[in-house]
Amino acid sequence: MSKKYKFLDQSQCYFVTLSVVKWIDIFTRKEYIDIVIDSLKFCQQNKGLVIHSYVIMTNHIHLVISSKDMEVELEYILRDIKKYTSANILKAIKDNPFESRKNWMLWLFETEASHKKQKYQFWQHGNHPIELSNSSLLNQKIEYIHQNPVRNGIVNEPDEYLLSSARHYSGKKYKILDVELI
């Protein structure tokens with residue numbers, strides 16, 4: 001079995017990406033973003049998840065994470081996040097009478113799961129964890145995460161984007177998630 005893209009050392013920080021299937025722009029609505037934030041907060045409070053850096057874009061999430069509790073492996077924490085968020089976001093889409101993209105999105109999520117046992121697939125498979133074993137690589141990934149909204153033309157400066165840990169690193173007050181600075 002390949003050792004690439006695995007959480008090998010639970011004491012290290014990892015860069016991971018969670019991407020919506022077909023790169024659907026789901027995180028354009030607050031109610032769907034809130035589901036992700038609530039799940040991340042729950043895992044921080046109850047499963048030992050440590051977030052060092054994050055950005056929530058319209059169709060993917062980048063994280064630099066580690067674990068406080070070596071007994072709870074990062075791959076299981078991410079599995080739980082993906083399972084919870086996918087089920088609850090799909091329910092929110094179905095229950096939202098104002099979701100203009102409902103039929104189209106549900107059809108795409110169903111199409112992605114057509115050969116699988118579940119009815120819908122929300123997240124792409126895999127998280128492709130990259131172990132950040134030295135400070136240079138760690139700083140590079142944090143910078144990459146914070147520059148993501150800038151590269152996409154959403155903001156001019158990283159700390160202007162509300163759904164990012166760049167606000168933590170710049171000392172701004174309004175913050176969405178707890179972040180352990182590096």
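## Surface, fold and core of a predicted model

The protein chain exposes about 9,900 Å², of which carbon and sulfur atoms supply 50%. The model is a predicted one, and of the 182 residues of its protein chain 49% count as buried.

Five helices and four strands make up the protein chain, and read along the sequence they follow the pattern β-α-β-β-α-α-β-α-α. The radius of gyration is 16 Å, close to the 16 Å that the globule rule gives for 182 residues, so the chain is as compact as a globular protein of that length. Along its principal axes the C-alpha trace spans about 45 × 45 × 30 Å. Among contacts between residues at least 6 apart in sequence, 67% join residues at least 24 apart.

The largest nonpolar core holds 52 residues, and those touching the most other members are Ile-26, Phe-27, Leu-49, Leu-63, Ile-89, Phe-109 and Phe-122.

Helix H3 can be followed residue by residue. Its buried residues are Lys-102, Met-105, Leu-106, Leu-108 and Phe-109; because they cover an arc of only 160° around the axis, they lie on the same side of H3. The face of H3 turned away from that buried side carries the exposed residues Asn-103 and Trp-107, while H2 is included in what covers the buried residues of H3.

Note on methods
Residues are numbered from 1 along each chain as its sequence is written. This is a predicted model: local features need pLDDT of at least 70, side-chain atom pairs count only at pLDDT 80 or more; totals for chains, interfaces and linings use all residues. Side-chain values use heavy atoms; hydrogens and water are left out. A nonpolar core is a set of buried Ala, Val, Leu, Ile, Met, Phe, Trp, Tyr and Cys residues joined through side-chain atoms within 4.5 Å. Buried means under 20% relative accessible area, exposed over 50%, partly exposed in between (1.4 Å probe, protein chains only). Helices (H or I, at least four residues) and strands (E, at least two) are DSSP runs, numbered from the N terminus. The arc is that of the directions from the helix axis to the C-beta atoms. Contact means heavy atoms within 4.5 Å. The radius of gyration is taken over C-alpha atoms; the globule rule is 2.2 Å times the number of residues to the power 0.38. Accessible areas come from the Shrake-Rupley method with a 1.4 Å probe; for residues, only the protein chains shown count as cover.
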